[in-house]
Amino acid sequence: MGWLTRIMMPPQGSTFAGEVDTVYMALFWLSVVLFLGIAVPALYFAWRYRYRAGRVTPHVTHNTTLEIVWSVLPLLLCVGIFFWGLKGWMEYSVAPGEAMEIQITARKWNWAFEYPDGSRDAGTLHVPVNKPVKFIMTSEDVIHDFFVPDMRVKHDIIPGRYTEVWFTPTVLGSHNVTCAEYCGKGHSDMRGTVIVESDADFQNYLATGGTEWEAYKNNMADWGKIQWERKGCNSCHTLDGSKSKGPTWKGIWGSMVKMTDGNSYLVDEAYIKESENLPQAKIVEGFQPIMPTFQGLIKPHEFEGIVALIKSLQ
Amino acid sequence: MEYQVLTMGAKTGSLPRPRKNYLNESHGFMSWAGTLDHKRIGIMYLVGVLTAFLLGGMFALLIRLTLLTPTHTLFGSKTPLITAEQYNRVFTLHGAIMVFLFIIPAIPASLGNFVLPLMLGAKDVAFPRLNLASFYLWVTGAAMAILAMVLGAVDTGWTFYTPYSTTTDGPVTLMTAAVFVLGFSSIFTGLNFIATTHKLRAPGMGWFDMPLFIWGIYSTGLIQVLATPVLGITLVLLMLERGFGIGIFDPRIGGDPVLFQHFFWFYSHPAVYIMILPGMAIISELIPTFSHKTIFGYRAIAYSSVSLALVSFIVWGHHMFVAGQSQLATVVFSALTFLVAIPSGVKVFNWLGTMYQGNISLETPMCYAISFLILFAIGGLTGIFLGTLSTDVHLTDTYFVVAHFHYVMMGGTVTAFLGGLHYWWPKMTGRMPSETWGRTACVLYTVGFNMTFLTQFFLGSKGMPRRYYNYLDQFQPLHAFSTVGSWVIGLSLFMTLAYLLASLRKPMDAPDNPWGGTTLEWQCSSPPIMHNFEEQPVVERDPYDYRPVKGT
Amino acid sequence: MSTTSVDLPSHGGHGEHGHGLGDPHHQHHFATMEQQFDTAKLGMWLFLATEILLFGGLFVGFGLMQARYPREFVEAHTHLVRWQGSLNTVILLISSFTMVMAVQSAKNNKKQKTSFFLVLTILCAFGFLVVKYFEYSHKFEEGWLPGKFYRATGDSIPGSHGYATFFAFYFMMTGLHGIHILAGIGLLSWILMRTRRGEFSHTYYTPVDLVGLYWHIVDLIWIYLFPLYYLIQ
């Protein structure tokens, strides 16, 4: 049966996934059986009892016993399914006491994460494998939803409130995050990644932002491109000159760009830094003031990479 | 086909065709625009809702075309068919038009208006002027919605969740006002039908002598009257929040966004039963008629209609399992949701019990009835996945939900609507449409429907969220298949429109009772005279009585 | 089902008058005037049910907001003047009484009395609106306005949204009620004109009865609004 689960469900990435998939597959087979139990008689009767002139049909008005049976049996089945679903859901609703807390701030159209040690990041979430992690979530604007299909978790993120969701990841690697509550133009671009790694790698990441970047020391533009994807810059800025929600990065380095305040400014490192921290300070003409701030969410070497990337796109 | 067994129920004898009927009784624009005849009002509604269906359908085809490729481009073009902002408006309009302009009014206001008084042996509905007012409210709401479209349309989704809807640009207030007006159209229709059912039944027709179609429309009316006002006030609150910043839904000004969802779904869940109950009501007519056998479990079906109407009011939180409502509420709503599944199942089993040992003729209406059984079964069964808490967490807000509700709303209600349309077409127009085209279109429709929406269950379970313009490449094959399916549906529906319109050019020669039905509408001429019956019918038998008369 | 037939007087065309059905108000699709009257009453009760649900949503919303901002709501309540609310309650109760008398008079063919009581009811309605006018003006002066227009000073929790929310609900609920009073004045005037034209009698007084039912519901809704807003202090 595993092949069917693999066809219908995403890879199993958390301790929830097995249980959810089991319930799902059980309901799937139950539905197949019940569906055939309805469709087969419907089609069979249509053929077996097809019209013949002069035939008289039996005048059978009702059968109370049958009504009771086919009301009570499905009801009992439903009660069983309800409790089975409840069991899984109760696990999902109550995080273990020792779960590590990570704060998620959702905003149009980007994810910001803050770890217990105060370090912050955007777009890409790091978690240690086989340890429960609990997310305390709020939104800066409209309702969003943190959905990680591989982990089988989802919960709305509401402005003015905190909501929670948790999971224990079991599989190393990266897993998709998608926003699952319609939030406007960039809803389908509001993606993220969960990187599940060993505890050592995770601690390393928290301390230094990871060692991955060292491999790119001679090619910071490539590292910058990776940040462009991971932080979520790519949901609004293109690299190839095509139009999107924010200005393209192609060809802007070292140029004078006209802003909505009527003045033109040089695109240099200082300008890019200001755009990262105070995006509303200058708005490029022809665009809307919709960029959220990334203050504290981009590490120094990541910033270097982004600058290198933009320089390389002249 | 001539039904040779002359049953006590199904008189198919031929009365002379009256020269004047409700269509040619009077002429001119005002004789229609100012009519108080429920049949003419039904026809006007029919034209209106079918136009809305066409418009909503065009938006659906556009959605599917946009999702054909991840880049939204066609034929090697570099520019996307539509932008993300336009896409958000298109899916909002598709939903809003289909829900408020088409599905909610369609069966009750078009077919129901035409048939209900006939089935009751009455000359009209209880309040003919209110009926006309309902129609004009529908027209007004439609005009306001179209104006909102012209003024740039809204991108909130048909569910108008706050604070997005209180803060986004666009004619949101106008659109919600349109829905408010349409809500009153629905309330007055329901009110009219409830009063008609209580007071205008023919002599001899007790509650349990009524056709089951009436039970279904009556139960629908109960929901229309009790639930729609709550939507009305919710929309007023939304409009006032946009205009006056009253701070009930937007947290920045002291409100609670989840409160909006509670108010909204308190109406909108019962609303989906406003949509399906009339469809089930039609199936309860089609199956005994085309099986030439009495309905199995009359009272069970009647009671299940009313219990669906009542239980529908206490399950709204199942739309909000991950929305931030309390855990207790979530558990309670899940449990109650399973309860509401039972009456629907009871109906399906009784319909199958009717077909068993029947004498089944497969004309177009019956083809749609069988299609309904198949499609509604899938829709209803997939509801179980969503009512089950642990699976709902994964599946909610994904394409699984989109597939589920299209199976019940379109695979259920629209299929039944098409069946009813073909069933009562001879009565309404005096013509028989082509059976060959009808059955072909039905099969094409059923195949296309499954192509389009069965795939979407898999898209959802694999993690594709709904209302998504951009999607991961891995989902493209399923999306493409779904899009091709939408073309097959579109083809079948255009075919249906074409041959139905073509039938209007045939001579008006349909028999009074082409299908051998036993309910009262088949005892008047096709089409009926202005006052429906030459003489007041008096009822002395059960409905759906197919026992033969003595001596034949 | 088989059908036998019952002879009915023949008639043609739609419309209300002159079918040879006796009473000119007898609509053709009803067998008897009594059936028509019963049906009209049922229809009116159904409509009143929708009114209850319409206002009900606002009552629920108010309750939830009160739970969210208990201190602000209690404080905001003190800005409502009890004697004005009580006066309006008395006015509406009197108007319900005069309405009942009007319906009775119409039923008993007493044209003068019916007019008299209808006029009294209309005057009460206007009186209600006059008191409301003074109440609203005072609120506008003090800045106790809904939502983003709230500009009063002297609140004990300045900056809290609770006050603006309270007044948003106050104006919404009393405003919606006031619109229903206005509509009621319109309906009562229409009934008054028809009474003066001599249209009503013991065989046909349905519109008076139905407007009476509507008026009682409008009164009843106020009976719930009054303690909610004026007596909790």
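In this predicted model, chain B is built from 15 helices and one strand. Its radius of gyration comes out at 23 Å, close to the 24 Å that the globule rule gives for 552 residues, so chain B is as compact as a globular protein of that length. Laid along the principal axes, the C-alpha atoms of chain B take up a box of roughly 75 × 50 × 45 Å.

Chain A tells another story. Here there are seven helices and twelve strands. For 314 residues, a compact globule would have a radius of gyration near 20 Å, but the value for chain A is 27 Å. The box around the C-alpha atoms of chain A, again along the principal axes, is roughly 90 × 50 × 40 Å.

As for who touches whom, two pairs of chains are in contact, and chains A and B share the most contacts. Chain A and chain C, on the other hand, do not touch, and their nearest C-alpha atoms sit 13 Å apart.

The contact between chains B and C draws on 46 residues from chain B and 37 residues from chain C. On the chain B side, the elements giving two or more residues are α6 (172-199), α7 (212-244), α8 (257-291) and β1 (536-539). Of these, α7(B) gives the most, with ten residues. Sorted by class, the side of chain B that touches chain C holds 27 nonpolar, ten polar and nine charged residues.

Now to the helix packing inside the chains, starting with chain A. Helix α2 (residues 15-48) and helix α3 (residues 64-93) of chain A pack at an angle of about 160°, and their axes are 10 Å apart. With an angle over 145° counting as roughly antiparallel, that is therefore the label for α2(A) and α3(A). The crossing of this pair is left-handed. From α2(A), the residues making the contact are F16(A), E19(A), V20(A) and V23(A), and they meet W84(A), G85(A), G88(A) and Y92(A) of α3(A). By class, this contact has five nonpolar, two polar and one charged residues.

The axes of helix α2 (residues 70-77) and helix α5 (residues 162-196) of chain C come within 8 Å and cross at roughly 55°, which makes α2(C) oblique to α5(C). In this case α2(C) passes α5(C) in a right-handed crossing. The class tally for the contact of α2(C) with α5(C) is five nonpolar, one polar and one charged residues.

Back in chain A, strand β9 (residues 173-179) pairs with strand β6 (residues 144-148) in the antiparallel sense, over two bridges. In that pairing F147(A) stands opposite T178(A) of β9(A). β9(A) also pairs with strand β10 (residues 191-197) of chain A, again in the antiparallel sense, this time over six bridges. Here N176(A) is the residue opposite T193(A) of β10(A). As a general point, side chains in a regular strand alternate between the two faces of the sheet.

Methods: Residues numbered from 1 in each chain as written. Chains lettered and ligands numbered in written order. Predicted model: local features only at pLDDT ≥ 70, side-chain atom pairs only at ≥ 80, totals over all residues. Contact = placed C-beta atoms within 7 Å. Helix = DSSP H or I, 4+ residues; strand = E, 2+ residues; numbered from the N terminus. Nonpolar A, V, L, I, M, F, W, Y, C, P; charged D, E, K, R; others polar. Axes fitted to C-alpha atoms, helices over the stretch in contact; angles between N-to-C directions. Parallel < 35°, antiparallel > 145°, perpendicular 65-115°, else oblique. Left-handed = near helix turned anticlockwise from the far one by under 90°. Pairing = 2+ DSSP bridges. Rg over C-alpha atoms; globule rule 2.2 N^0.38 Å.
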